[in-house]
Amino acid sequence: MVDNNFTEFFNSWILEARGKPILKMLEDIRIKVMNRLREKEEEARTWGGESSPNDMKLYASYLKVANLCIVHFNGKTGYEVFEDDDRHRVNLVEKKCTCRSWQLAGIPCPHAIKALKYKREDPMTETSWWHNKEAYLMTYRAKLMLVRGEKF
């Protein structure tokens with residue numbers, strides 16, 4: 001499903017170029033990719049904070065859920081967080097929660113946020129480094145080189 005969605009997106013993205021001869025098609029795709037990389041880098045430079053606006057929206061929604069949770073601490077490394085009828089175990093040392101959201105997304109889940117707030121720590125400091133503005137900019141650091149005309 002993911003592969004198919006990606007393929008469909010890419011095919012629609014290069015739709016105009018697909019009908020051209022192979023060299024012209026590849027050149028159009030190269031230019032589209034070059035522009036896309038530049039645009040994404042410029043977008044990241046406009047971020048107000050150290051994380052992307054999308055990450056901040058996700059964190060804000062997690063924070064709302066965390067405020068409704070109840071936390072119990074076992075005195076060592078374990079936190080048991082109740083969210084309605086669900087219970088989750090949070091280990092702040094290993095940065096793990098039984099909901100697995102923290103491990104998968106790299107942003108503390110609502111349960112981890114509740115445990116971190118119980119411990120009086122800032123949950124934003126526990127966000128994985130790849131959500132950092134600097135890491136995002138490193139992704140777009142490499143540039144596609146310009147190419148001389150077809151004659152060369």
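Author: Let's settle one term before anything else: a contact here means heavy atoms within 4.5 Å. Take the contacts in the protein chain between residues at least 6 apart in sequence, and 47% of them join residues at least 24 apart. Bear in mind that this is a predicted model.

Now the rings. Searching the whole structure turns up six aromatic pairs. One of them is F73 with Y79: the ring centres are 4.5 Å apart and the planes meet at 25 degrees, so this pair is stacked. The cut-off behind that call is that planes under 30 degrees apart count as stacked. How buried or exposed are the two partners? F73 has a relative accessible area of 34%, so it is partly exposed. Y79, on the other hand, comes in at 5% relative accessibility and therefore counts as buried, since buried means under 20%.

Y118 has a relative accessibility of 44%, so it counts as partly exposed.

Elsewhere, W47, Y136 and Y140 are linked by ring pairs into a cluster.

To place all this in the fold: the protein chain has seven helices and four strands, and along the sequence they run α-α-α-α-β-β-β-β-α-α-α. What about the overall shape? The radius of gyration is 22 Å, well over the 15 Å that the globule rule gives for 152 residues, so the protein chain is more spread out than a compact globule. Along its principal axes, the C-alpha trace spans about 70 × 30 × 25 Å.

As for the surface, 30% of the 152 residues count as buried, Y79 being one that does. The protein chain exposes about 11100 Å², and carbon and sulfur atoms supply 56% of that. On the charge side, you get 26 positive and 22 negative side chains, with the centres of the two sets 4 Å apart.

Key
Residues are numbered from 1 along each chain as its sequence is written. This is a predicted model: local features need pLDDT of at least 70, side-chain atom pairs count only at pLDDT 80 or more; totals for chains, interfaces and linings use all residues. Side-chain values use heavy atoms; hydrogens and water are left out. Rings of Phe, Tyr and Trp (its six-membered ring) pair if their centres lie within 6.5 Å; planes under 30 degrees apart count as stacked, over 60 as edge-to-face and the rest as tilted. Buried means under 20% relative accessible area, exposed over 50%, partly exposed in between (1.4 Å probe, protein chains only). Helices (H or I, at least four residues) and strands (E, at least two) are DSSP runs, numbered from the N terminus. The radius of gyration is taken over C-alpha atoms; the globule rule is 2.2 Å times the number of residues to the power 0.38. Accessible areas come from the Shrake-Rupley method with a 1.4 Å probe; for residues, only the protein chains shown count as cover. Lys and Arg count as positive and Asp and Glu as negative; His and the chain ends are not counted. The place of a charge is taken as NZ of Lys, CZ of Arg, CG of Asp or CD of Glu.
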